[in-house]
Amino acid sequence: MTATNHPILSAPANLFERGKLGRYELPTRVIMAPMTRMRAHRNGVPSEMMVTYYSQRSTAALIVSEATTVSAQGIGYLNAPGLYNAEQLEGWMRITSAVHQRGGRIFLQLFHAGRISHSSLQPGRSLPVAPSAIRPKGHVFTPEGNVPCETPRALNRAEIHRIVGEFRNAAVLAIAAGFDGVEVHAANGYLLDQFLRNGTNHREDEYGGSAENRARLVLEIARVVASVVGSDCTGVRLSPLHAFNDMSDSAPEVTFATVVAALNDLRLAYLHVVERDDAPAAGPRFEIGMLRQIWKSAYIANENYDRTRADVAIARGVDFVSFGKLFIANPDLPFRLENNAPLNPPDRDSFYGGDERGYIDYPPLDRRSSLSCE
Ligand SMILES: Cc1cc2nc3c(=O)[nH]c(=O)nc-3n(C[C@H](O)[C@H](O)[C@H](O)COP(=O)(O)O)c2cc1C
């Protein structure tokens, strides 16, 4: 079959058309995925090199920031940023203003790491918290090196309500810091995902048991964030089949159809789906495209996209595509994708932590020489 008579490949590619995402009319469909790079100061205050990093990437239609913790208890990674005090607020203001000066837009990704933490990172060396006291297989980076995860302490109801309040508070600070919106991180095995999936949530109260109950915390937090920043400036990220951080669910189709249908009622700006499927070969799974059918507003697809796959996805009904590793290595990624220009390869050794190397020293393309040879 040739490209011209293939029903999908012959559709016009529109990764570079304008697209509506909540309140915003974005210039393209190329979004920068959230990525923890562990270059903040130890107290969670964004550093100067973070200002450079984000402003270098401001040609993304939208930047989603790295996961940013709503409280000291929410910390999961050394040198990851927070947004719960005045110093952190000031640091983020420098970043949003640099991105805006270059014509970009930036949402803050808010999270609480839950059980993916360690007592050595916690205030008063307390145990990390989770929906249930279930120890994850795996390791955590701590000041003492890479150590096995501990068995977390199950949260009580009052503490869950306090965490909802912390997300609210961080959303207020996000607006004060100049962010264009907030993404609620309910993916990749952190606290909200731990509540969603039944491998990690064995609670017997209204936050556990049925899929509706397990979705309750995500909904409460999305609602409270939307009430502060506006529903048309709020998104939610999910990763239904991602096993990262020792996650599992016995019926993911039911869990995620339930939470996505319920989120529709909040009329949020977007749903951001990490499509990675690394659930055990014989384990339960579903066709992830089903979520696009359920979800009523903008849908952002993520995981391992390149220009060709992104165009196909958009022709099939995805609204935006987010790119992670390609944005690490290519600060001018939209320009390169649009012009089919060569891409810098990412250096994995400098993904997490370190200095400017592998962070703000990836060269942009020399536009004149790269285009003159075409
Ligand atoms: C260095 C690194 C850090 C990441 N940190 C986050 C994060 O803070 N929040 C999040 O939701 N996903 C995070 N992710 C996942 C990415 O957003 C994205 O889902 C993943 O890289 C797959 O997209 P890609 O194939 O385009 O890179 C991270 C990925 C990488 C490589």
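This is a predicted model: local features need pLDDT of at least 70, side-chain atom pairs count only at pLDDT 80 or more; totals for chains, interfaces and linings use all residues.
Let's start with the barrel. Eight strands close into it, in the order E3-E4-E5-E10-E11-E12-E13-E14. The pairing is parallel.

Strand E3 covers residues 30-32. Two bridges join E3 to E4, and the two run parallel. Which residue of E4 is the bridge partner of Ile 31? That is Leu 62.

Strand E4 brings us to the ligand. The ligand is surrounded by 21 residues. The closest are Ala 33, Thr 36, Ala 67, Gly 324 and Lys 325. Two elements give two or more residues to this shell: strand E4, residues 62-69, and helix H9, residues 325-329.

Last stop: helix H3, residues 157-176. H3 has 20 residues, so at 1.5 Å a residue it should span 28 Å. The C-alpha atoms at its ends are 29 Å apart, which agrees.

Which residues of H3 are buried? They are Ile 160, Ile 163, Glu 166, Phe 167, Ala 170, Ala 171, Leu 173 and Ala 174. These cover an arc of only 165° around the axis, so they sit on the same side of H3. Why does that spacing work? An α-helix has 3.6 residues a turn, so residues three or four places apart point the same way. On the other side of H3, the exposed residues are Arg 157, Ala 158, His 161 and Gly 165.

That's the tour. Thank you.

Terms used:
Residues are numbered from 1 along each chain as its sequence is written. A residue is near a molecule or strand if its C-beta atom, placed from the backbone, lies within 6 Å of it. Helices (H or I, at least four residues) and strands (E, at least two) are DSSP runs, numbered from the N terminus. Two strands pair if DSSP finds at least two bridges between them. The expected span of a helix is 1.5 Å times one less than its number of residues. A residue is buried if 20 or more other C-beta atoms lie within 10 Å of its own, exposed if 12 or fewer, and partly exposed in between; C-beta atoms are placed from the backbone. The arc is that of the directions from the helix axis to the C-beta atoms.
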